[in-house]
Amino acid sequence: MAVNLKIPSESEIFPVPGVDIGVAEAGIRKAGRRDLTVFRLAPGATVAGVFTRNRFRAAPVQLCESHLAAGSAIAALVVNTGNANAGTGADGMQRAQATCAALAGLLEVEATQILPFSTGVILEPLPVDRLVAGLPKAIAALAPGNWMNAAHGIMTTDTLPKIASIRKTIGSHVVTITGISKGAGMIRPNMATMLGFLATDAAIARPLLEKLTRQIADVSFNRITVDGDTSTNDSFIVIATGKSGLRVDSESDPHYAELAQSLSAAAAELAQKIVRDAEGATKFMTIRVEEAGSTEEALKVAYAVAHSPLVKTAFYASDPNLGRILAAIGYAGIDDLDVSRLRLWLDDVLVATEGGRNPDYREEDGQRVMKQAEILVRIALGRGQVSDTVYTCDFSHEYVSINADYRS
């Protein structure tokens, strides 16, 4: 079940001028479900992306990287669920190319102007004939207001759609930012996440957009983990259509900071919704590391705690067996860590200090916190002034069931 995941109403989802979306049922893996989504972009839109660092990255990821690197004016995105087209070799690349060629022909653009995305089962051939047959239906459904349909259309083991939308005035222009994401398991992004698409009607120069996309990923999708597994298909795309009239060409622009913050906030919301809807999750946990000597140190500790199966199962059981957290901190890889300076809190409850259990700590206080649906784990290392945060969830019996039955 999802943990406090808010789904916006239709009135809270703002279409992005310059982006039309069509969703169709192509029967790629199962009949009767939305599994094919097309984004058509207005001429002049700029696009940037970051992708998985998994060395087994999928054919569509490789093709996206190639098309973006070629500097093509991206005209459309095509997303299929049910099949990842990963671990499929040269044949998988040919099928991804055939997807791009088919959509390009229907939209009367070049194949290099199409970005393909796939998600689903790995090591199985993409049924490209079914995908191509479904494209006319997706194109016929193109409309500006199809964001919620798209959020449903890119889901796999997700139980709820993930969507974020903002409309605000920046300078003298009303700017819209809307995005969707998908992901529930195989989540430990190493640049971005599963699939995430974020669009704005601001105009952003492409070199700046490329840098900004990496920065946004680092403060959002690169700060979440469900199970420590980095997917073969992780992709995060930012689209800037320029239809609002606001244009930002450099970081020195007076409106850059506000626009960047707004885009980052939307991406962070999408990233956290992935954790809230993680496979089998019953708790949403914020792991905040303070007083680290560097960002690298802070993230080492945060991820050691967030990835520990012993920590995650203890939180599922609401069992304040908090020595598991100390053990994870200890093996995080800071060889000269002085544990006598470390402090550990659960929300407002000081659990450990000066290398051991806080004399005033009572187990019933720890259990009270661990029974909450949302929990803050705060760790002060006593080494410096750097802080960073990672978001994660517990491990339940349901996580095992979902992944054991995934291909059924």
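Buried means under 20% relative accessible area; exposed means over 50%, and partly exposed lies in between (1.4 Å probe, protein chains only). Strands (E, at least two residues) and helices (H or I, at least four) are DSSP runs, numbered from the N terminus. This is a predicted model, in which local features need pLDDT of at least 70, side-chain atom pairs count only at pLDDT 80 or more, and totals for chains, interfaces and linings use all residues. Residues are numbered from 1 along each chain as its sequence is written, and side-chain values use heavy atoms, with hydrogens and water left out.

Which strands pair with strand 12? Strand 16 (residues 374-380) does, in the parallel sense, over 7 bridges. Strand 17 does too, in the antiparallel sense, over 7 bridges. Two strands pair if DSSP finds at least two bridges between them. Look for isoleucine 287: it stands opposite valine 377 in strand 16. Then find methionine 285, whose bridge partner in strand 17 is threonine 392.

At the strand 15 end, strand 14 (residues 349-353) pairs with strand 15 in the antiparallel sense over 2 bridges. Here alanine 352 stands opposite arginine 357.

Next, step back to the domains. The chain is divided into domain 1 (10-275) and domain 2 (284-405). These bounds come from an automatic or database domain assignment. The domain centres, taken over C-alpha atoms, are 33 Å apart.

How do the two domains meet? In domain 1, 11 residues are in contact with 16 residues of domain 2. Contact means heavy atoms within 4.5 Å. About 1,200 Å² is buried between the domains, and carbon and sulfur atoms give 57% of that area. Buried area is the accessible area (1.4 Å probe) that two parts lose on being put together, summed over both. Between the domains the count is 1 salt bridge. A salt bridge is a side-chain nitrogen of Lys or Arg within 4 Å of a carboxyl oxygen of Asp or Glu. Arginine 223 and aspartate 388 form a salt bridge, with their closest N and O atoms 3.0 Å apart.

Move on to strand 8, residues 195-200. Why is it described as largely enclosed by the rest of the structure? The reason is that 6 of its 6 residues are buried. Leu195, Phe197 and Ala199 point one way, while Gly196, Leu198 and Thr200 point the other way. In a regular strand the side chains alternate between the two faces of the sheet.

Strand 8 has pairing partners as well. With strand 7 (residues 173-182) the pairing is antiparallel, over 6 bridges. Threonine 200 in strand 8 is the bridge partner of isoleucine 177. Strand 8 and strand 10 (residues 235-240) run parallel, joined by 6 bridges. There, leucine 198 has valine 238 in strand 10 as its bridge partner.

Aspartate 277 counts as buried at 2% relative accessibility, and lysine 162 counts as buried at 0%. Asp158, Lys162 and Asp277 are linked in a network of salt bridges.

Another salt bridge joins glutamate 269 and lysine 273 (3.0 Å, N to O). The two are 4 residues apart in helix 6, so about one helical turn separates them. Glutamate 269 is partly exposed at 33%, whereas lysine 273 is buried at 5%.

Aspartate 336 and arginine 383 also form a salt bridge, with the closest N and O atoms 3.0 Å apart. They sit 47 residues apart: aspartate 336 in the loop between helix 9 (323-330) and strand 13 (343-346), arginine 383 in the loop between strand 16 and strand 17. Aspartate 336 is exposed, with a relative accessible area of 56%, and arginine 383 is partly exposed, at 29%.
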